Each structure stands twice: as structure tokens, then as C-alpha cells.
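The paragraphs below walk through one protein model, beginning with a charged pair and then turning to a sheet and some single residues. Please keep the structure in view while reading.

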Amino acid sequence: MKAILAEKPSVASELARIVGATEKKDGYYEGGGFMVTWAYGHLVGLAMPEDYGVKGFVKESLPIIPEHFMLTGRKVRSSGGYVEDEGSKKQLQTISYVFDRCDSIIAATDAGREGEVIFRYIYEYLNCKKSFERLWISSLTEKAIIAGFDNLRRGSDFDGLFYAGRERSQADWLIGINATQALTVAMSDGLFSLGRVQTPTLALICKRYNENKSFDIKNYFQIQLEHAREGIIFKTLSVDKCEDKKKAEAIIRLLERSGNAVVKQVETKPSTIQAPLLFDLTGLQKEANKKLGYSAERTLELAQNLYEKKFITYPRTGSKYIPEDVWPEIPGLILALNSRKSCQGAVEKVKWERYNKHIVNSLKVTDHHGILITENIPTMLDGQENALYDMIAKRLLEAVSPACYREITDVTVSVSDYDFALKAVKITSGGWKMINGDFEQEGDDLIGDLPALQTGLQIKINSSQVLAKKTKPPALFTEADLLATMENVGNTIKDDEQKKALKGIGIGTPATRAAVIETLFERDYIRRDKKTLIPTEKGMLVYSIVSDKKIADAAMTAQWEIAFEKIENLELKDSVFHADIETITREITAELLNISRPSREGVDLSCPKCKDKAVIREKVVKCVNEECGWIIFRKVCGVQLSYKDIEDLLTKKRSPLIKKMIGKSNNSFDAFIVLGSDGSTSFEFPKTKKGKSR
């Protein structure tokens, strides 16, 4: 009898069907010489400090560095702290029962670092010593599963993968637990969560936000000329920019007297835009955020659903390529896709005799190849799944199509010693861009036809105008931009040597970046403003404290990602890396314990009751005099009052207008908060147009 452990019940059900384990039991299937059971993701994890008998959030206990990490079953928060999750506990007992009854085990959790850790932690927690093999598959189609069972691999082949995953989880524990407790102790007010990847990511967002807000926007002016020749209207733009509008207008008057421009230079060059590669998870998340507005987490959720429904291959991949042995399957996938109405038009544009094979590179396929559709073409999906599936399917069609060929013509014309330029792009062969018909290229003036122009030719100026423009600050992050920066964090580093060493290296993994971003939302460190990510007041407070500390160093975090890869490939001993992490944990903890809460310079707040000093904390505003006891909560009707709101309330006895508060009837309202002489607060509603308070 063989045991099979899947990561989820839905996968276990499919595996059980294929191996003939058709008898449904409580928590497992049995039959055909197999017992098939399942986890619910991370059933077992690293024990918390209290499990070691260490009292949390006490300076004297820090840093907390276990000599040996203990494993524990999943716990859930309750009024008395964390307690065992009864459903998880029962399933672990079922898995133990299945393992005990079987001679060997097949690990069938997701084929990746996280899936390997899920299996091994359960295996170790149950103190199992039985031999195990690995089912390594990239899709859940019947064909792939049967092939996987026919080619089971030794469990020991994936020791490196487990060591890397274990070191990642232990590093996250050491850095996250100690940094969070150290900063919280130092701040002595509220909980301040920090993490190995979470904090450098927050730092990226806050740094960009500061750069955007501090950017000195300047007005400038350019002159645009309109010309016509051979029945074609085209425009040129002044090369020079004027800071003074009057100067630009004076130049226009000079140009109008001239009436003609002279072609100074014409240069036409061929240009090639190569077809894109397949999506890896981060690429899919970026594209879905740009084109569909999905968050990274939502994209991963939808992709996981499509995978479990057998419509796409394993989505948590970091590769954009396929190995040589998968290439013969591609024509069949494209042919099958012709049955999907939303893709038929795109399939018809594929040049069957001119397949582009650039996605084939076995050396660049790590755990899993790039995301592909399977031979199972969906007919019924919900709206968001449909959109994401079509995005994946059409990317395959783009990837196997030829390059797009263009001609780029740069034209310079001169009028009275002033130069004007035009950049025209002509598509000579659409190639892969024909699939979606997307020919827009940022920064180009896409012109289908340009009249014949040659040096020395005089062209008439039909009209001219001054265009008012502004310099643009660094754009705030969207999730797509943030994912791209996390993926190539080396690009943000100023040191040239370090930048070169970290080229192409990111922080986090394709499978974890979405969770990191969501954690920042959960911690109230960032919020969404339409498509952009904005740090909250609390997020900026944390950044102001840790921006120059090791915990926020993206380069150091990226170097750890390199170390994890080396551990996975057995090029670096996990014990050596672990010793380094313990040293860095001690340094980070010491740094954070020595910080103090930043003061609000130039702001002197007084208690409205006793006139002693008032202080602003994360959740409350209170008097420092305990005998006075004055206190108000910062969250009022669901809205967190900002520092500015509090300062105005205490100094002017009236806050700015607080919008979108929620009343007892769940209706939204706007009001001023007014401070009485006794320290009490009340609402004052804005006056209506008729002059009455509503």
C-alpha cells in the first residue's frame, strides 16, 4: 500500500481517481493499492516564541534565536491567544493514520519550494521515517499526472529544494519575529510589524512617494508646427524648450514671417521588436494589473483556480521558457485553442509555417516552465477567469509568432536657426503584434505614411502653436511597477559594482510577492489610490525609522535570494547561511532596540484639560499626566485621524472636515470634530447651500 499526500482536497480527488482509489473515507481515499490524503496548505509551521517558553515583546528576551526550530500544527487566534486549529489537527491525525498504514509515501504537494516545505514539515512533524518519492508535474491534466506517476523521482533528489525552503522560512521567522518585537518594544505604543521582504518593499514604496512629492515641477513651453505635403498632414516639435511663454510666442511671430521650414536631416532605420516570451507568474501579475486592473493576489488566486481546473500549467513559476521536449506539444495546443470563440481570430493570425522557437531554452527552465494552456480548452468560466485565461492563451500565440519589423524615420527641420523634430514609425511586418492588434509604442508618433522628404527641401508651415507642458515627477508605484521593481531590485541600487552583481535578482519569489504586498495592506502601511500605491501615515512613520537600517536594505535581501538558489543547487551549505542569518538577526535587533520614536518638530501640543503636554500615539491621543487622564481615540467612526487632524483639533479646537465617517446606521457622513474646554469632543456638520447645518 502506498500513501499519496496532495496539497489540497481538490487535487487529492483527481489523483485518487487516476490511481483507482475510489472509496471515499473520512479525510482520505482508498483503493487500487493507494491511500490518498491531503493537507490544507501549511498544516505545519515553525513554532512561535511562547512554544519555547519565551515571553514575547520583552527587551531582555531579544533576540530570540532557537537552538533547534520546533514544528507545530496550524494555530488560530482566539481571545486567549493562539490555539490549535481543530480542523487542521484532525487532518494531521488522518495523515498520520494513512502514513502508518502504508509502506511508502508519494509526495504530491505542489511541485515547488513551498510545496516541498509543506510536505517535509508534515513528514518531520509526524516523525515519519518511511521512504518517499516525488510526483513532479507541471499541470493537473490526466495525461500529465499519468506521466508523472510513470516517472516518480527519488525524494532525496529534492533535498536541496527543501533546504532552501526551510532556510527561507527560518530566516523569515528570525528576522520577522525579532525585528517586529524590537521595534514594538522601542516604540512602546502599538504593534509595528517588520519582515525580511516586507520592510524593503515598504521602503521602495515610501522612497518613491517622497521623490514624487518633493519633485519640483517646472513649467516649460514647446512650439509645434503643422505642415502638409503630398496630401499628408504631419507635425514637428521644437527641439529646444522655453521656460518663458513670452519668449516662445516671440519665436512663433518670427517663424510666421519666415513661412517655410527647410528639411535639415532625414534618417530612416530598420527596427525590430522581438516577440515576448511566455508569462512567468510575476509577468502575468504585472500584465493583469496593467490591462485588467487585477491585484497581484487576485491574479495568483485566479491562476491557481485555472490550474486546479486543468486549464493552465503550474502558475507559480519563475521561468518564461519551455524545455525542448515540450515544444512538440505547442502546435496541438494552438490547434485546440481554435475551438475557443474568444481566441479564434487570434489563432487565425498565427503563421503556422513560421513558428518562433525562441521560448525553447532548457537551461532557463528551473522548477517549472513558463505558463502554458493545456489541451483542456474551457467553455464555462467566470468573467475574471475568462479574461486571465485569454491573456495567457494569447501570450502563447504572440510568443510563437515572428518579430515585428518597423521603419523609424527621424526628421529634423530648421526655421530661422530653430530646429524642429519628428519621429515617425511605419510597421513593415506586424508579426506578433498582429495577435492583439497592439501597435502603440510609447514615445513614438505612429504615422502610417510620411511624404517623401529629403535634405534641403522646403516645406510650408501651415500653422504653429505654443504647447504648455510640465516636467513630470517620478511616477507613484502601481502594483505592476512595484512587482517589476521587486523582480529586478538591483536596478534601484546606486553602487555600480553592487548593481552589476545583483542584475536580474529580485526580492521575494514569484509565488510570494503578492502575499508581501497584501501584508503591507493588512498592516495598514499602504493603501490604494485608484491604481497607485500610497504609504499611510503609519507606513511613513515606520519608513522614517528604518529607512537607513539593515532591515530595509533591499540589496541584502536580494543577496539572500542568491543564497537560497545556491542552497537549492547544493552549492552552499544551509548551516553556513543559517549562521550568517543569526548574526544579522542580532545586528538588526540591536539597531532597532536603540531607536526612539521620531518627534514632531515645531509642534507643541497641550492637554485641553490640564494644559500639560499631550502626545499622539498610534491609537490614542493622551495627556502625559496620568492624574489628569485625558484621552481620545484616533479612530472616529471608522476614520483614523491624521497627525494634522489632531494638531488642528488641539491647537484650533476644531479639526479639518473629516470625510466618509460611518454612523450607527452605516450611512457615510462628513463632519468637523470640535474640542470642548473640558476635553470632550462633538461633531459639527458643514452648512448646506442654504446656510443651514445638515
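Glu308 has a relative accessible area of 22% and is therefore partly exposed; buried means under 20%, exposed over 50%, and partly exposed in between, with a 1.4 Å probe and protein chains only. The model is a predicted one, in which local features need pLDDT of at least 70 and side-chain atom pairs count only at pLDDT 80 or more, while totals for chains, interfaces and linings use all residues. Residues are numbered from 1 along each chain as its sequence is written, and side-chain values use heavy atoms, with hydrogens and water left out.

The side chain of Glu308 meets that of Lys8 in a salt bridge, at 2.8 Å from N to O. A salt bridge here is a side-chain nitrogen of Lys or Arg within 4 Å of a carboxyl oxygen of Asp or Glu. This pair links distant parts of the chain, 300 residues apart: Glu308 lies in helix α9 (residues 296–308), and Lys8 in the loop between β1 and α1. Helices (H or I, at least four residues) and strands (E, at least two) are DSSP runs, numbered from the N terminus. Lys8 is partly exposed, with a relative accessible area of 29%.

Lys75 and Asp51 form a salt bridge whose closest N and O atoms are 2.8 Å apart. Lys75 is partly exposed at a relative accessible area of 29%, and Asp51 counts as partly exposed at 29% relative accessibility.

In the salt bridge of Lys357 with Glu324, the closest N and O atoms are 2.9 Å apart. Here a loop between α11 (341–348) and α12 (383–399), holding Lys357, is linked to the loop between α9 and α10, holding Glu324, 33 residues apart. Lys357 has a relative accessible area of 39% and is partly exposed; Glu324, at 42%, also counts as partly exposed.

Seven strands form an open sheet in the order β2-β3-β4-β1-β9-β10-β11, with mixed pairing; two strands pair if DSSP finds at least two bridges between them. The edges are taken by β2 (23–24) and β11 (153–154), each with a single partner strand, so one side of each has no neighbour in the sheet. Strands of a sheet pair through backbone hydrogen bonds, either parallel or antiparallel. The pairing of β3 (residues 28–31) with β4 (residues 34–38) is antiparallel, over four bridges, and Tyr29 stands opposite Val36 in β4. Helix α1 (residues 9–19) packs on the sheet and touches β1 (2–6), β3, β4 and β9 (104–108), where contact means heavy atoms within 4.5 Å. The direction of α1 makes about 170 degrees with that of β4; axes are lines fitted to C-alpha atoms, for helices over the stretch in contact, and angles run from 0 to 180 degrees between N-to-C directions.

Two helix residues remain. Lys90, in helix α2 (residues 86–101), counts as partly exposed at 46% relative accessibility. Its C-alpha atom is 8.7 Å from that of Gly27, 63 residues apart along the chain. Gly332, in helix α10 (residues 330–337), counts as partly exposed at 42% relative accessibility. The C-alpha atoms of Gly332 and Gly506 are separated by 35 Å, the two residues being 174 apart along the chain.
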